[in-house]
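Please look at the sequence and the fold together.

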Amino acid sequence: MATNGPTYYEVLGISPVASPDEIKKRYRELARVHHPDVAKAPNAAETFKKINEANGVLSDPVRRSLYDSELALKSHRQAPSNPFETPASHFKPGPSSAAPSSANKSNQQRRAPDNDFKKVVLEAQQAYSKMRYREAEQLAREALRMYRRDPAVYELLGDIEVKRSRIDEAVAYYSYALQLDRMRPGL
């Protein structure tokens with residue numbers, strides 16, 4: 001799904017809260033004007049293709065939900081960080097011990113990720129880019145056992161589920177990523 005350039009809502013000229021009937025009506029209006037057999041503009045075919053793509057995603061409730069999640073995650077990442085939050089550099093994890101106590105185990109999930117975690121996440125991302133989805137998923141789950149609060153891992157799991165056409169699971173992972181991304185201090 002394209003998230004660079006204008007959004008599908010902008011392509012159709014509708015609100016992000018438009019109803020399915022509004023989407024259908026607007027698509028038909030634009031299709032009549034921009035169809036390559038009718039329009040004389042040299043880029044009519046390209047415009048019509050974008051309109052069809054936008055309609056295909058926004059008229060399907062599952063694909064629209066996934067697209068909305070991706071847009072929300074992208075806009076959140078581009079938003080400036082809150083100047084009132086504590087910067088990550090001020091976070092100091094507690095002392096580690098060979099056998100963590102139950103109280104220390106609960107704090108373990110709050111600590112900033114270490115280099116081993118980052119290495120596993122990088123390996124998972126590389127496996128994903130090489131289309132080795134099973135390996136990428138296993139590495140991502142290993143990373144979650146090390147540190148459960150990193151949104152990048154959940155986003156990667158969402159991407160894997162999209163490739164497997166498991167849209168509901170992908171939306172759930174993207175939702176986790178978005179929630180955790182909002183909670184990250186100073187990033």
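In what order do the elements of the protein run from the N terminus on? The order is α-α-α-α-α-α-α-α-α, and the secondary structure comes to nine helices and zero strands. The model is a predicted one. Of the 187 residues of the protein, 32% count as buried. Its accessible surface comes to about 12100 Å², and carbon and sulfur atoms hold 52% of that area. Among contacts with a separation of 6 or more, 60% are between residues 24 or more positions apart.

Next comes a helix pair. Two packed helices are described by the angle between their axes and the distance between those axes. For helix H6 (residues 115-129) and helix H8 (residues 151-163), the axes come within 11 Å and cross at roughly 20 degrees. Angles under 35 degrees count as roughly parallel, so H6 is roughly parallel to H8. The crossing of the two is left-handed. On the H6 side, the contact is made by Phe117, Val121, Ala124, Gln125 and Tyr128; on the H8 side, by Val153, Leu156, Asp159, Ile160 and Lys163. By class, this contact has seven nonpolar, one polar and two charged residues.

The last stop is a residue of helix H8, Glu161. Is Glu161 buried or exposed? The relative accessible area of Glu161 is 4%, and under 20% counts as buried, so Glu161 is buried. Leaving aside neighbours within four places in sequence, Glu161 is in contact with Glu137, Arg166, Glu169, Ala170 and Tyr173.

Notes: Residues numbered from 1 in each chain as written. Predicted model: local features only at pLDDT ≥ 70, side-chain atom pairs only at ≥ 80, totals over all residues. Heavy atoms only, no water. Axes fitted to C-alpha atoms, helices over the stretch in contact; angles between N-to-C directions. Helix = DSSP H or I, 4+ residues; strand = E, 2+ residues; numbered from the N terminus. Parallel < 35°, antiparallel > 145°, perpendicular 65-115°, else oblique. Left-handed = near helix turned anticlockwise from the far one by under 90°. Contact = heavy atoms within 4.5 Å. Nonpolar A, V, L, I, M, F, W, Y, C, P; charged D, E, K, R; others polar. Buried < 20%, exposed > 50% of the residue type's maximum accessible area, 1.4 Å probe, protein only. Areas by Shrake-Rupley, 256 points an atom, 1.4 Å probe, with all protein chains shown as cover.
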